[in-house]
Amino acid sequence: MTGADLLQAADEMTRVLHPHHERDWSVPAGTLTWSCWTTAAHVAHDLLAYAGQVTASPKDSYLPYDLRVSPDASPAQTLTVVRACAGLLATAVDAAPAGARAWHFGPCDPAGFAAMGVAETLLHTHDITLGLGVPWRPQRRLSELVLRRLFPDAPDGDAPDVLLWMTGRGDLPGRARRDSWIWRAALD
């Protein structure tokens, strides 16, 4: 996965959610306990954290810093912060040297960080749209890329549905709903 994939995911999040920026974002984001606003701020946080990891290449832990989106930021401003952080991660991923590794519960390549960034963006856009009552499904191509990189044990099926099922957000015929999951970003 590349920076272009990250930007596509962030642009889709903005496209889907910005028309609803004046609604009440204090409601829960789908089945999460977080509000829609907090969930969007979380996406920005993760994208920036991943950018720092790719840029600094720590070998054994996450960098000790945190993004704080101002609690006074509107939903529209928070979406702009998400897009900015996606841009930073995209730049870091695309500029990383061949063979670069950084820590994410083991050595992870820049493409793995890009996949996690796309996953965070797609999955939490889904959560927010559920909270706001906006019909939306993750984009198929990006879902396929996330599944291929982070969930090598994913079953066959329609990629958006499989991604939502793999992360406990949806059902698949003949399979029990998942209540725990973990993606595999670190390389062996």
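The largest cavity is lined by Gln53, Val54, Ser57, Ala100, Arg101, Ala102, Cys108, Asp109, Pro110 and Phe113. A cavity here is a set of points on a 1 Å grid over the protein atoms alone where a 1.4 Å probe fits but cannot get out, and lining residues have an atom within 4 Å of a point. Its volume is about 30 Å³, counted as the space filled by probe spheres set on the points. Helices α2 (36-56) and α4 (110-132) each give at least two residues to this lining.

The model is predicted: local features need pLDDT of at least 70, side-chain atom pairs count only at pLDDT 80 or more, and totals for chains, interfaces and linings use all residues. Residues are numbered from 1 along each chain as its sequence is written, and side-chain values use heavy atoms, without hydrogens and water.

Now follow α4 to α5 (residues 140-150). Their axes, lines fitted to C-alpha atoms over the stretch in contact, come within 9 Å and cross at roughly 130°. On the α4 side, the contact (heavy atoms within 4.5 Å) includes Ala111, Met116 and Leu122. Leu142 and Val146 are among the α5 partners.

Another pair is α1 (residues 3-17) and α3 (residues 75-95). Their axes come within 8 Å and cross at roughly 170°. These helices are therefore roughly antiparallel. Leu6, Leu7 and Met13 are among the α1 contact residues, and Val82, Leu89 and Val93 among those of α3.

How values were computed. Axes fitted to C-alpha atoms, helices over the stretch in contact; angles between N-to-C directions. Helix = DSSP H or I, 4+ residues; strand = E, 2+ residues; numbered from the N terminus. Parallel < 35°, antiparallel > 145°, perpendicular 65-115°, else oblique. 1 Å grid on protein atoms, 1.4 Å probe; cavity = no way out; pocket = protein on both sides within 12 Å on 5 of 7 lines; lining within 4 Å.
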